[in-house]
Amino acid sequence: MKGAAWHTPAEAAVARWIRPEIQALEAYHVPESTDLIKLDAMENPYAWPPDVVEEWLAVLRRVSLNRYPDPSAKRLRERLHRLFEVPEDKAVMLGNGSDELIQILTMAVSRPERTVLAPDPAFSMYRMITLFSGMHYVTVPLRDDFGLDREAMLRALAEHEPAIVFIDYPNNPSGRLFDAGDLRAVIEAAPGLVVVDEAYHSFAGATFMPQLRDYPHLLVLRTLSKMGLAGLRLGILAGDRAWLDQVNKVRLPYNVNVLAQVSADFALGHQAILEAQAAAIRRDRAHLQEAMAALPGITVYPSRANFILFRAPPGQGPALFEQIRAAGVLIKNLHRDDALLRDCLRVTVGTPEENQAFLEALRAGLATCAGG
Ligand SMILES: *Cc1c(COP(=O)(O)O)cnc(C)c1O
């Protein structure tokens, strides 16, 4: 909207009252995926066996939807405390997805003059939520290989004294697991909170959860989304009780609904199924990586997550993305006009059949690029 050319009274009121930085935003875009093989959103491609679905439905039948849920989801929290091996004396808080926990935490520290710091690229919600909360977002570019730039991070910490540092470990969108020594240096130098976001823990084989004992200003974030329960919306924040007691005041009382509480508790009672699915995804990631690396013209980056970042031949990223979609496979176009993500695309590891369909689409797309 510009000038005084409002079309309706509502638009005029919007222009006056909605914060300009919100008006300037584009809404979070979820692309149309009907009839496409969906490899864009880091979802687990596997469903539960039919008998487990029946058992789950029987549990749901006993839920009292007329009652409010347990506001602190005590049973589920205790289960997750054990399952995620949170140190005994640390606390756990649940969110409606880890997105909500990022939001709650950010709200709890928010002041207009304060800063949130993260590497770039990183999970897009760090930037969005910081902006919603009215704070400044400062980024430190990753190195060419998507490793953490330790010196630049330390300089930025000293210069901006951020209230929160977000580090996705492994990093989304690169899949890179940062060097643990670099990460420790950042934690040790940070004046405020450091959130290590372990959304891809099931595929990473590394964690900072035990380090909660060493660093009182460290928080570890996990989610059930990438483990196969994206539809439930359940995130987990672990850390010192002194922090969580405060942050918990910002949480709305019934943020995890009763269906999510009961379903998560049920699913985690069938942990073996989720673990077998994660193992299959890790195995197929290796196959996919190998097959992609054998294709001429693309650069494939090593991944410790359930997706693979790759770079198309110069100038071909967006076109290759479109060709893969035209062939029936939806991946993620990350192309940006800077050296780090130029021509970069990201594919989520699917079932072996889906991965095969993607590889064929990629091969055909690359041949077209080379020919044209
Ligand atoms: C997907 C993702 C999340 C969001 O998880 P939800 O629990 O579904 O909100 C958080 N952090 C990172 C790094 C992610 O990639």
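A polar contact is a pair of N or O atoms within 3.5 Å; within protein, one must be able to donate a hydrogen and the other to accept it, and residues adjacent in sequence count only if both atoms are side-chain atoms. This is a predicted model, in which local features need pLDDT of at least 70 and side-chain atom pairs count only at pLDDT 80 or more, while totals for chains, interfaces and linings use all residues. Residues are numbered from 1 along each chain as its sequence is written, and side-chain values use heavy atoms, with hydrogens and water left out.

**Ligand contacts**
- A backbone N or O atom of D99 is 3.0 Å from a ligand oxygen atom.
- The side chain of N172 places an N or O atom 3.0 Å from an oxygen atom of the ligand.
- For the side chain of T223, the corresponding distance to a ligand oxygen atom is 2.5 Å.
- The ligand on its own has 390 Å² of accessible area (Shrake-Rupley method, 1.4 Å probe), and the protein covers 94% of it.

**Ligand surroundings**
- Around the ligand are 13 residues (a heavy atom within 4 Å), of which D197, Y200, T223, S225 and K226 come nearest.
- Helices α5 (98-109) and α10 (225-229) are the elements that give two or more residues to this shell; helices are DSSP runs of H or I, at least four residues, numbered from the N terminus.

**Residue D284**
- D284 belongs to helix α13 (residues 271-293).
- D284 counts as buried because its relative accessibility is 4%, where buried means under 20% (1.4 Å probe, protein chains only).
- Beyond its neighbours within four places in sequence, D284 is in contact (heavy atoms within 4.5 Å) with Y46, V349, G350, P352 and N355.

Conventions
Buried < 20%, exposed > 50% of the residue type's maximum accessible area, 1.4 Å probe, protein only.
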